[in-house]
Amino acid sequence: MFKKSVLVHALTLAFGGAVLAVGSMAPAMAQSNATSVVYGTVAPGADVRVVLENPATGLRRTVTPDAQGRFQATALPTGSYTVTQYRGDAVVATTRVETSIGQNAEAVFVQEGGVQTVEVTGQRRNIDVTSTSSGATFSARQLAALPVTRDIQGIIQLAPNTTRVDSRFAGGASFGGGAASENSYYINGFPVTNPLTGLGASQLPFGAIAEAQVLVGGFGAEFGRSIGGVVNVITKSGTNTWEAGAQVTFEPKSWRASENDIYYANTGYNPLTDGTLRRAQRENTREQKTYGAYVGGPIVKDKLFIYLAGEMIENDRGYVEGFRTSTSNAQNGWRDDEREVARYMGKIDWNISEDHRLELTALGDNPKRTYIDSGFDYASRTRNGVVTSTATRRNVDDNGGRSAMLRYTGNLTDNLTLTALYGRSELKHENAFSNYQANIFSTTSSPENRAPGFTYANPQAITGNILAPDAKDKVDSGRLDLEYRLGDHNLRAGYDRTDVESLNAGVFKAGGGTWAYFRTANPGRPIGVAGGTVPAPASGGGLGSQGYYVSKRLFSTVTDSYAEQSAFYVEDRWQATRNLLLTIGVRSESFKNQNESKVTFLDMDKQIQPRLAAAWDVQGDGTTKLFATAGRYSVPIPTHISVRGAGRSTFTNQYYTYTGVDANGAPTGLVQLTEPLSGNNEFGQDKVLPTLAALDMKPAYQDEVTIGLERAITPRLTFGAKATYRELKETLDDFCDVRPFERYAEANGIEITNPYWGNTCQTFNPGRNNTFMVDFSGDPANLTKVALTAADQGFAKPKRTYAAVDLFLEHPYRNGFYGKVNYTWSRNKGNTEGQVRSDNGQADVAVTSTWDYPELMEGAYGLLPNDRKHQVKAFGFYEVTPEVSVGGNVLLAAGRPRSCIGTSANPGDSPNYENQSFWCGGADVPQNQIVHRGTVGKLPWDKRLDLNLAYRPSALKGLQLRLDVFNVTNEQAVQNVTEAYNSGDAVSSLYGTPLSLTPPRYARVSVSYDHKF
């Protein structure tokens, strides 16, 4: 439920004490997520009409003002419009407006002595007094002039309340304290979010972006499936003028500063490694070339247009892949990473008539990476150049795919507009390897875990997990939106549905498995591990008497997965008075996840989400706006949940002592200490679907309140202030604790005979009462309904809050200068990050270890990984002369809070996962204590300065030469560190060691040429 007092206070602050004018009212407006609106007021009359024309495309719209002279034209493509008022056939007044995505442009006609006169200014008001959303919109002009990376992530980080996420995630960003997977991405209204993981989205040629809107809150009922933010991109289109251009950018490796080496942290317990070199990075190289071209123009003037754009990125990296202590550096210590990304965009626009329009868009984003491994010698810090293996990956740890979409816009009457969209995307995931040995286990061993006198080789060329053949995702999505103007009300309604197929999703361990070596300082003491207990290694003899033991680790999650997502919304934008616009909306969302047989195991139907907003044009002249919003937002679970949640997953460890190591690094003289153990009962068996999720769950949802002010201090300077409060009310994750069910069985006289009984996982809502279907007998036809209270499960409610205050100053583009400075103070606190977990880099969306059993939540409340207390973002550009311009981009961000996750010293009868609870600080596990989240200090500030210089010679119009320099001061800040404290029973040598640094200083030179025919 909404906190009524919060909403009342917000609206009272926004409108208290105001004398709201009545009389002639400006019209209410609305816009879709890919179009814009023009509105205004003229002197009424029986023969008055208003004609809007886009000179670039010839698109015309004729609207008839109402009895008060109010008019509006909705669902317009963004761009420049000439707005002409006619009385009969006579022109009364003319003005120009610039429209922008998701914003409303007012056509203002000058009054002289009570008579409207012609005014052609080409200017627009600095403030959209009808908008209540939070975020930023960037035009093609701004993106072309600023020193930013040429991708969506670079645009996102310009917006306030956004933060880069953990480097171990394949994509995504944090919006307003949200997790990396909790965002939505659209291109021309079509969803392009990664359907399998929710981490990031497919992209398009950077030069084909017409506008990019980054929404961090306050968005209306038409947007959904996000409790983080929304990225809304529209593409360029052809016009009545043929134009073409090309660009080449080059980032030479010789202009790139050396990367700093990474050293082991000083743990105080690992003298062999403390303070020593962990990974050499000074030898790393990176060079990138980007080739882009476009052409656009009329096929039939004023009617049919085409725009084509292509981009090829060639990124060549060479880097030290092996750590100094690795035993396989001579084979795979160096990696050449050749990345190619081919992107294209094609768009056809057809102005069927003045009232009907079709748009066809095709997109392609095809990332391909080739890894070439060879040797590296740490003693001489040189590579040997002898290639031992190659691997090629397409759309692996990358967001890509091919999409096609068709959009129709129909102005059925002056007051009724219909838009319809349908599209399909397909993403194929492929990996191919040379020298891959399908039956050779990989090995992993830290120096402190190796017995003297043996070589712990790792001849498996491919380590980690790999994809199954023919893995792909397919998305079908459509939506229908209606908009009707009724007096002072703009009524909107819409329905959308997205169906997702992820085939052969998941991964399996390369070579079939891994031998993982360990050592304990207490050979005579049993060791708690996930899924059970390892008897004292000394009991197995051999090297176990000295504390050495080994695990045989198997992992496979390959399966098919399906999802359905649908939503319906209604919204009323009511112009309550001349200066006050109220928006009242509600959205109903439904989410469904299915296993490989298309049987539903997770179903959340008709989740109601109210959205409220108010915007007050304080003085009635568009110079001061006070606004407030309150809303509820939810997010679905991508198809990845089925990979381990509903498929036949295997994740086991079987422990042994050993007497030696063979030439492949495999142990010899094995003596079994345990049967295969699984922390989550993943033995490759079929899962009983009704048992996989609690009944009648709520989706992950969040409530948000914002209140803000914008003021045009002068025509050249705008000030803004905004306060935001977000609170996560529910979350979804998996619960893997068998003990509450065993207590229930004991209390109710139920005998447990299921041979697979153990720590199976069920999706649930933490911190609330849940009802489960439980298989006590091993017979899927004989399930027991078990109702557990929150106290039975042992969990407190999920907590995640984000409180922020934003201030900005903006100089709109005038006389060749644009600039903006944002400052954000924020606090992001709670006991859960959300759908993913940055503490351990776990990207298993909604199946993280966070809620597996209640002991993991001890000490979990505190500052979350995406907390950045202070952020300053400043950017702008200045045209020094018609030929020379300069640009800059500054980031000053407080460091990420640090946490410590170890193994509990007081696990009781819990599964006691290694390095998943907030128990740390001891010389060994029994001495660990609770160390609350976010209390281990903070990482250094992230400080970056990017600059550029562009030259456009007048002697060759259309040519531009440009130099961009990124991270001018070469600040290589630590982005994240290893927070896992233990290795077996001891302190890990990696604890506190940096995982990644911000990129060093580098430069990009570009040459572009644009020509209009």
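# Helix, rings and charges in a predicted model

Me: Which residue takes a positive phi of about 65 degrees just after α6?

Reply: This is a predicted model, in which local features need pLDDT of at least 70 and side-chain atom pairs count only at pLDDT 80 or more, while totals for chains, interfaces and linings use all residues. Residues are numbered from 1 along each chain as its sequence is written, and side-chain values use heavy atoms, with hydrogens and water left out. Helices (DSSP runs of H or I, at least four residues) and strands (DSSP runs of E, at least two) are numbered from the N terminus. Just after α6, the residue with this positive phi is Gly749.

Me: Which residues of helix α6 are buried?

Reply: A residue is buried under 20% relative accessible area, exposed over 50%, and partly exposed in between (1.4 Å probe, protein chains only). In helix α6, which spans residues 739-747, the buried residues are Arg739, Pro740, Phe741 and Ala745.

Me: What covers the buried residues of α6?

Reply: Contact, here, means heavy atoms within 4.5 Å. The cover includes the strands β48 (733-735), β49 (762-764), β50 (770-774) and β51 (784-788), together with the helix α7 (790-793).

Me: With which side chain does the side chain of Arg739 make a polar contact?

Reply: Arg739 is placed in helix α6, and it counts as buried because its relative accessibility is 9%. Leaving aside neighbours within four places in sequence, Arg739 is in contact with Tyr853, Pro854, Glu855, Asp909 and Ser910. A polar contact is a pair of N or O atoms within 3.5 Å; within protein, one must be able to donate a hydrogen and the other to accept it, and residues adjacent in sequence count only if both atoms are side-chain atoms. At 2.7 Å, the partner of the Arg739 side chain is the side chain of Asp909.

Me: How many aromatic pairs does the count give?

Reply: Rings of Phe, Tyr and Trp (its six-membered ring) pair if their centres lie within 6.5 Å; planes under 30 degrees apart count as stacked, over 60 as edge-to-face and the rest as tilted. By this rule, the number of aromatic pairs is 29.

Me: Is the pair of Tyr456 and Tyr517 stacked or edge-to-face?

Reply: The ring centres of Tyr456 and Tyr517 are 4.8 Å apart. Tyr456 lies in the loop between β29 (442-444) and β30 (465-467) and Tyr517 in strand β34 (residues 514-519), so the pair ties together parts that are 61 residues apart in sequence. Both Tyr456 and Tyr517 are buried. The planes of the two rings stand at 90 degrees, and the pair is therefore edge-to-face.

Me: Which residue has its charged end over the ring of Phe808?

Reply: A charge sits over a ring if NZ of Lys or CZ of Arg is within 6 Å of the ring centre and within 35 degrees of the ring normal. One such case is Arg286, which lies over the face of Tyr1002 at 5.7 Å from the ring centre. Over the ring of Phe808, at 4.8 Å from its centre, sits the charged end of Lys820.

Me: How many salt bridges does a search of the whole structure find?

Reply: A salt bridge is a side-chain nitrogen of Lys or Arg within 4 Å of a carboxyl oxygen of Asp or Glu. One of them joins the side chains of Lys289 and Glu287 (3.4 Å, N to O). The total for the whole structure is 61.

Me: How many residues apart are Arg339 and Asp398?

Reply: The side chains of Arg339 and Asp398 meet in a salt bridge (3.0 Å, N to O). The pair links distant parts of the chain, with Arg339 in strand β22 (residues 334-353), Asp398 in the loop between β26 (389-394) and β27 (401-411), and a separation of 59 residues.

Me: Which residue forms a salt bridge with Arg768?

Reply: Arg768 lies in the loop between β49 and β50 and its partner in strand β47 (residues 717-730), so the pair ties together parts that are 38 residues apart in sequence. Arg768 is partly exposed, with a relative accessible area of 22%. With the closest N and O atoms 3.3 Å apart, the partner is Glu730.

Me: Where is Ala846 placed?

Reply: Most residues other than glycine have a negative phi. Ala846 has a positive phi of about 65 degrees although it is not a glycine, and it counts as buried because its relative accessibility is 1%. The place of Ala846 is the loop between β53 (817-830) and β54 (862-863).
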